[in-house]
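Here is a short tour of one structure.

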Amino acid sequence: MNSNSNADVVIVGTGVVGVLIAEQLLDAGISVLMLEAGPRVARSDIVENFRNLPLALKGDPSSCYPPRPWAPHPMPSSENPEDHYLELTGPDKYAQTFIRYAGGSTWHWAGTCWRLTPDDMRLHSRYGVGRDWAFGYDELEPFYTRVEHKLGICGPSEPELQWPPLRSQPYPMPALPFSPGEQRFTDVVKSLGYRNIPTAQARNSGIPYDDRPACCANNNCVPVCPVGAKYDAATALGRLEAKGATILTDAVVYRVDTDGRNQVEAVNYFDANKQTHRISGKIFVLACNGIETPKLLLMSANSRNANGLANSSDQVGRNMMDHPQLTMTLTLSEPYWSGVGPVVNSGIMETSQGDFRSEHAGAYFRYNNFARNRFVTFGALKKGLVGRALDEEIRRMAGCTADIVLAHEVLPDPNNRLTLSTKKDWLGLPRPAIHYDVGDYTRRSAENYSLPIGKRIAEAMGATDIKISPKFAQSKHIMGGTIMGTDPANAVVDAECRAYDHQNLFLPGGGAMASTACGNSTISMAALGLKAADAIVRQMRKA
């Protein structure tokens with residue numbers, strides 16, 4: 001076994017949460033070493049991968065990020081079962097898409113940054129369901145603001161267009177304009193009494209920000225922003241190194257060691273040649289993601305922690321959550337034309353709130369602004385058309401079809417659980433096995449609430465045909481596997497995302513979230529990261 005130099009704080013994972021924590025610690029004079037399971041790549045390489053993909057794969061966010069043998073991640077488009085990585089069981093499949101590259105999954109996210117509301121954080125006390133967070137919105141709000149300025153988030157200045165309009169500072173940049181389709185959608189839903197409002201998003205609108213250019217509206221945000229206008233954590237890695245961070249890539253952490261006091265003393269990793277290494281430190285942060293972090297904790301079981309690290313509550317890997325979504329694909333009597341600007345640029349959020357949440361989930365509705373050509377081409381080809389007739393049909397369908405997504409909240413359920421599979425990866429490490437059921441709370445919402453609203457919207461849009469996805473799909477917003485709470489008997493981490501069982505181990509990010517609400521989770525994950533970073537700085541200064 002080789003031994004590398006240690007650091008004050010060792011961070012596993014170079015996604016948005018790990019990167020934000022690292023920079024804050026470096027600015028406080030604390031040494032940082034980061035480990036990343038996957039490779040470090042240039043943006044130009046990813047863009048070239050995307051260009052070379054066949055049309056059928058261009059809609060798959062992972063296809064231009066081929067996994068390395070030592071750092072597998074899900075490849076849903078592959079016909080090879082070994083590429084799926086996740087072993088999935090249950091009434092609903094927890095089919096996630098994430099990548100193990102330096103910079104993490106913000107490489108292929110849409111950039112959407114909806115905040116939680118105060119009611120989203122007190123589901124149990126307000127509605128008698130789910131869990132409450134360990135603190136309220138007022139405590140999280142300053143961290144939301146800090147994230148918005150660190151990532152460069154654009155959003156509306158008018159309070160009536162903000163979600164929620166409870167802000168201590170304005171967005172650093174104005175909102176982006178709507179596409180023609182989004183504007184028509186906005187006008188239609190207004191006639192039904194709903195507000196389609198601009199999405200707050202980590203994308204430069206009109207001006208450069210943080211050494212990144214302005215958005216040029218190319219509509220390739222998923223799977224990669226070719227110009228870097230959208231924030232991704234990879235853009236920060238060079239800056240971290242300039243501030244003194246050590247970043248090790250192709251370093252797959254497989255075990256976390258504890259000492260006689262049950263404090264974490266080191267992490268062990270494999271390199272790309274299957275050689276083992278050990279890194280020691282004073283404080284450790286696992287910021288892999290909501291699947292890889294609980295997996296690593298379970299793999300690190302030892303004589304003192306027989307069920308895995310941080311798991312005296314038996315909650316590690318439990319309460320897996322996402323935003324179960326249904327998609328309505330509409331054929332329209334008149335063209336709407338999607339595809340100008342970001343792929344997600346607006347949404348109806350007011351439908352996520354209300355006293356009905358004591359009975360069923362809320363829902364968020366969005367008009368998908370993906371350019372439609374790649375979705376409709378194969379349908380046009382099936383009609384047997386060629387030449388000009390084929391071209392005209394593709395154009396017609398690109399304008400006269402649209403996807404409306406209905407994204408729901410889901411309650412934490414300890415039976416929705418990640419465990420270690422008996423199947424192994426290339427390094428001989430267990431794959432994640434996940435059992436999942438969205439639950440009746442969410443199903444009742446779809447049956448009695450969201451789909452009836454969605455059908456009214458479709459009718460008002462002039463839909464001549466509606467195709468509804470037969471089952472819930474996952475939104476790839478991984479939450480809940482290291483859940484937060486005020487009682488160590490039923491939670492993994494405290495209000496600072498510090499593990500109850502190990503005072504020098506922090507588990508920030510989506511895994512700690514106690515509720516999902518309906519909007520994308522990244523900004524809440526990142527806010528928890530900054531909150532944890534403050535706690536780490538205080539803890540280091542007391543040492």
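A217 counts as partly exposed, because its relative accessibility is 35%, a value between the 20% and 50% cut-offs. Please keep in mind that this is a predicted model. A217 sits in the loop between β5 and α6. Its phi is near 65°, which is positive although the residue is not glycine.

**Backbone features**

Most residues other than glycine have a negative phi, and most peptide bonds are trans. Some places here depart from that pattern.

N319 also has a positive phi, near 65°, and is not a glycine. This residue lies in the loop between α7 (292-299) and β10 (325-332). Is N319 buried or exposed? N319 counts as buried, because its relative accessibility is 1%.

Next come cis peptide bonds. One runs from W163 to P164, with omega near -20°. P164 is placed in the loop between α4 (137-151) and α5 (180-191). Another joins V222 and P223, and its omega is about 20°. P223 belongs to the loop between β5 (197-198) and α6 (237-242). A217 is found in the loop between β5 and α6 as well.

**The nonpolar cores**

How many residues does the largest nonpolar core have? It has 135 residues. L35, W133 and M461 have the most contacts inside it. Helix α11 (residues 522-542) gives the most to this core, with 12 residues.

Setting aside neighbours within four places in sequence, W133 is in contact with L116, D120, M121, L140, M484, M513, A514, S515 and L528.

**Aromatic pairs**

A search of the whole structure finds 13 aromatic pairs. Two of them are set out below.

| Pair | Distance between ring centres | Angle between planes | Type |
|---|---|---|---|
| Y65 and Y101 | 5.6 Å | 85° | edge-to-face |
| F370 and F375 | 6.2 Å | 85° | edge-to-face |

The pair of Y65 and Y101 links distant parts of the chain, 36 residues apart. Y65 is in the loop between α2 and β4, while Y101 is in the loop between β4 and α3 (123-127). Both residues are buried. Together with W107, Y65 and Y101 form one aromatic cluster.

The partners in the other pair differ in cover. F370 counts as buried, because its relative accessibility is 14%. F375 counts as partly exposed, at 39% relative accessibility.

**The loop between α2 and β4**

This loop holds S62. S62 counts as buried, because its relative accessibility is 0%. Which residues does S62 touch, not counting those up to four places away in sequence? They are P74, M75, P76, T97, I99 and H108.

L55 lies in the loop between α2 (43-52) and β4 (87-89) too. L55 is partly exposed, with a relative accessible area of 32%. On the surface, L55 forms a nonpolar patch with F378 and L381. Together these residues have about 240 Å² of accessible area. The loop between α2 and β4 thus holds the buried S62 and the partly exposed L55.

Conventions: Residues numbered from 1 in each chain as written. Predicted model: local features only at pLDDT ≥ 70, side-chain atom pairs only at ≥ 80, totals over all residues. Heavy atoms only, no water. Patch = residues over 30% accessible without salt bridge, like charges linked within 9 Å, V, L, I, M, F, W, Y side chains within 5 Å. Areas by Shrake-Rupley, 256 points an atom, 1.4 Å probe, with all protein chains shown as cover. Salt bridge = Lys/Arg side-chain N within 4 Å of Asp/Glu carboxyl O. Helix = DSSP H or I, 4+ residues; strand = E, 2+ residues; numbered from the N terminus. Buried < 20%, exposed > 50% of the residue type's maximum accessible area, 1.4 Å probe, protein only. Core = buried A, V, L, I, M, F, W, Y, C linked by side-chain atoms within 4.5 Å. Contact = heavy atoms within 4.5 Å. Phe/Tyr/Trp six-rings, centres within 6.5 Å; stacked < 30°, edge-to-face > 60°.
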